[in-house]
Amino acid sequence: MAFGRERLKEMAAVDIRSVNVEELVDITAIDEHVSDEEQTERIRRFIQAVKNPYCFRVGNMAVKSSFSGTVSLQQRIQEMINGI
C-alpha cells in the first residue's frame, strides 16, 4: 500500500490530543511473525495493518511518532518491525 506525499502529511499532522485511543490500531496485536517474507513485504503489511504509521496505540497508550534528520519513514518502520 503506497501513500502519496499529501496523505503522509495528513497522517503526520494528526493531533495526538484529539484522537480516540480506542480507534487506533494496537501495534502489539499485529502479527509480524513471518520471518521468511522479504522486508519490503513485511513493511507493506505493517503499514496496511497499522493504518497510520505516525499515530497508533501500544496497549492503552496512544503513540505519536515523528521522524527528523535523514532517516526515512521506511527505515523507522523497519526498526519498529524488527522490535516486534
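Leaving aside neighbours within four places in sequence, S65 is in contact with P53, Y54 and F56, where contact means heavy atoms within 4.5 Å. The structure is a predicted model, in which local features need pLDDT of at least 70, side-chain atom pairs count only at pLDDT 80 or more, and totals for chains, interfaces and linings use all residues. Residues are numbered from 1 along each chain as its sequence is written, and side-chain values use heavy atoms, with hydrogens and water left out.

S65 lies in the loop between β2 (61-64) and α3. With a relative accessible area of 11%, S65 is buried; buried means under 20% relative accessible area, exposed over 50%, and partly exposed in between, with a 1.4 Å probe and protein chains only. P53 stands 12 residues from S65 in sequence, and their C-alpha atoms are 7.6 Å apart in space. The side chain of S65 reaches the backbone oxygen of P53 at 2.9 Å. This is a polar contact, that is, a pair of N or O atoms within 3.5 Å; within protein, one must be able to donate a hydrogen and the other to accept it, and residues adjacent in sequence count only if both atoms are side-chain atoms.

Helices (H or I, at least four residues) and strands (E, at least two) are DSSP runs, numbered from the N terminus. Of the 84 residues of the chain, 25% count as buried. Among contacts with a separation of 6 or more, 69% are accounted for by residues 24 or more positions apart.

Helix α2 comprises residues 39-50, which makes 12 residues, and reaches 16 Å from its first C-alpha to its last. That span is close to the expected 16 Å at 1.5 Å a residue, the expected value being 1.5 Å times one less than the number of residues. The buried residues of α2 are R42, I43, F46, I47 and V50. These residues cover an arc of only 130° around the axis, and therefore lie on the same side of α2; the arc is that of the directions from the helix axis to the C-beta atoms. After α2 comes K51, whose phi is positive, near 75°.

In soluble globular proteins, nonpolar side chains tend to be buried together. Here the largest nonpolar core has 11 residues: M11, I27, I30, I43, F46, I47, V50, Y54, F56, L73 and I77. A nonpolar core is a set of buried Ala, Val, Leu, Ile, Met, Phe, Trp, Tyr and Cys residues joined through side-chain atoms within 4.5 Å. The elements that give two or more residues to this core are α2 and α3 (73-83), and α2 gives the most, with four residues.

Charged pairs complete the picture. A search of the whole structure finds three salt bridges, each being a side-chain nitrogen of Lys or Arg within 4 Å of a carboxyl oxygen of Asp or Glu. In one, E6 pairs with K9, the closest N and O atoms being 3.8 Å apart. Because E6 and K9 are three residues apart in helix α1 (residues 5-12), they are separated by about one helical turn. E6 is exposed at 54% relative accessibility, and K9 is exposed as well, at 53%.

R7 and E10 form a salt bridge through their side chains at 3.3 Å, N to O. Being three residues apart in α1, R7 and E10 are likewise separated by about one helical turn. R7 is partly exposed at 41% relative accessibility, and E10 is partly exposed at 49%. Another salt bridge joins the side chains of D15 and R17 at 3.0 Å, N to O. D15 is partly exposed, with a relative accessible area of 32%, whereas R17 counts as exposed at 75%.
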